[in-house]
Amino acid sequence: MARIKAVGYIRVSTDEQAREGLSLDAQEEKIRAYCTAKGWRLVRVYRDEGFSGKDLNRPALQEMLRDLKADGIQAVVVAKLDRLTRSVRDLGYLIDDLFDGVALASVEESLDTTTAGGRFVLHILGAVAQWERETISERTRNTLRYKRERGEWVGRIPYGFKIGPDGRLTEDPEEIRNIQRMKRLRRRGQSYREIAERCGVSVGLVYKIVNTDLRKLRHAVGLA
């Protein structure tokens with residue numbers, strides 16, 4: 001009996017690269033061990049480094065999908081389901097339309113869609129994951145709305161300001177003095193880079209600060 005011809009797919013996004021167990025090499029090792037245990041022939045592993053799983057617009061994934069149509073691949077193996085996609089909609093699209101009869105196996109979830117039970121579990125897992133993400137997003141939106149209603153600051157804290165005990169934005173005396181110093185140095189003819197080095201900030205921040213009136217900065221954050 002001919003062995004199943006399989007490919008592997010591995011992915012890591014930038015903010016996940018340092019997280020234990022998610023490295024590309026660790027994922028590939030799991031996939032190779034799985035295929036050996038199943039008696040499948042692993043012919044290639046596709047690697048996407050630094051790409052989110054929020055959509056399918058990833059170069060290695062797209063290359064794999066093209067190859068599936070031409071190379072007679074029978075199964076795609078991933079170390080964990082969310083390496084392939086984090087979207088239930090995209091998962092369904094992959095399985096029903098793009099894989100076109102090619103099975104999916106996930107090592108961590110012990111999932112193998114060459115069986116009817118595996119296909120059923122796949123959709124249940126995807127639905128639960130989607131529900132969890134949407135619940136977290138909804139909770140975050142509610143928290144931010146609550147903070148805004150209380151007048152608390154929400155978002156990035158601009159240079160020169162800090163969050164006070166009441167959750168509202170207030171001036172940071174040290175950074176305000178540094179802003180004033182930047183402006184003085186610029187009036188004296190120093191370059192943006194020289195000012196950045198002396199004040200310990202980025203050149204881009206110096207350029208923005210120097211070319212914005214402090215009163216406008218205060219007004220922009222509601223303190224003027």
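Me: Why does Glu28 count as buried?
Reply: Glu28 has 17% relative accessibility. Buried means under 20% relative accessible area, exposed over 50%, and partly exposed in between (1.4 Å probe, protein chains only). At 17%, Glu28 therefore counts as buried. This is a predicted model, in which local features need pLDDT of at least 70, side-chain atom pairs count only at pLDDT 80 or more, and totals for chains, interfaces and linings use all residues. Residues are numbered from 1 along each chain as its sequence is written, and side-chain values use heavy atoms, with hydrogens and water left out.

Me: What makes Arg32 and Glu28 a salt bridge?
Reply: Their closest N and O atoms are 3.0 Å apart. A salt bridge is a side-chain nitrogen of Lys or Arg within 4 Å of a carboxyl oxygen of Asp or Glu. The pair therefore qualifies. Arg32 counts as partly exposed because its relative accessibility is 41%.

Me: Why are Arg32 and Glu28 about one helical turn apart?
Reply: Both sit in helix H1 (residues 24-38), four residues apart. Helices here are DSSP runs of H or I, at least four residues; strands are runs of E, at least two; both are numbered from the N terminus. An α-helix has 3.6 residues a turn, so residues three or four places apart point the same way.

Me: How do you know that Arg44 and Asp67 form a salt bridge?
Reply: The N to O distance is 3.4 Å. That passes the salt-bridge test. This pair links distant parts of the chain. Arg44 is in strand S2 (residues 41-49), Asp67 is in helix H2 (residues 59-70), and 23 residues separate them. Arg44 counts as partly exposed at 36% relative accessibility, whereas Asp67 is buried at 18%.

Me: Is Arg215, the salt-bridge partner of Asp213, buried or exposed?
Reply: Arg215 counts as exposed, because its relative accessibility is 61%. Asp213 is partly exposed at 30%. The two side chains meet at 3.1 Å, N to O. Elsewhere, salt bridges that share partners join Asp25, Glu28, Arg32 and Arg47 into one network. The whole structure holds 11 salt bridges.

Me: What makes Phe120, Val121, Ile124 and Val128 a patch?
Reply: Patch members have over 30% relative accessible area and no salt bridge; like charges are joined within 9 Å, nonpolar side chains (Val, Leu, Ile, Met, Phe, Trp, Tyr) within 5 Å. Ile124 shows the accessibility test: at 44%, this residue counts as partly exposed. Ile124 lies in helix H5 (residues 116-149). Together the four residues have about 370 Å² of accessible area, computed by the Shrake-Rupley method with a 1.4 Å probe, where for residues only the protein chains shown count as cover.

Me: What makes a set of residues a nonpolar core, and how many residues does the largest have?
Reply: Its members are buried Ala, Val, Leu, Ile, Met, Phe, Trp, Tyr and Cys residues, joined through side-chain atoms within 4.5 Å. The largest core has 22 residues. Met64, Leu68, Phe99 and Leu104 have the most contacts inside it. Strand S1 (5-12), H2, strand S3 (75-78), helix H3 (81-84) and H4 each supply at least two residues of this core. H2 gives the most, with five. Phe99 touches Met64, Leu65, Leu68, Val76, Leu84, Leu94 and Leu104, not counting residues up to four places away in sequence; contact means heavy atoms within 4.5 Å. Apart from this core lies another, of 17 residues, among them Tyr159, Leu169, Val201 and Val210.

Me: Which residues of helix H4 (residues 88-98) are buried?
Reply: Asp90, Leu91, Gly92, Leu94, Ile95 and Leu98 are. After H4 comes Asp100, with a positive phi near 50 degrees.

Me: Why do S2 and S5 stand at the edges of the sheet?
Reply: The open sheet runs S2-S1-S3-S4-S5, with mixed pairing. Two strands pair if DSSP finds at least two bridges between them. S2 and strand S5 (111-112) each have a single partner strand, so one side of each is left without a neighbour in the sheet. Ala6 has Ala75 in S3 as its bridge partner.

Me: Why does Ser110 count as exposed?
Reply: Its relative accessibility is 66%, so Ser110 is exposed. Ser110 lies in the loop between strand S4 (103-106) and S5. Its phi is positive, about 50 degrees, although it is not a glycine.
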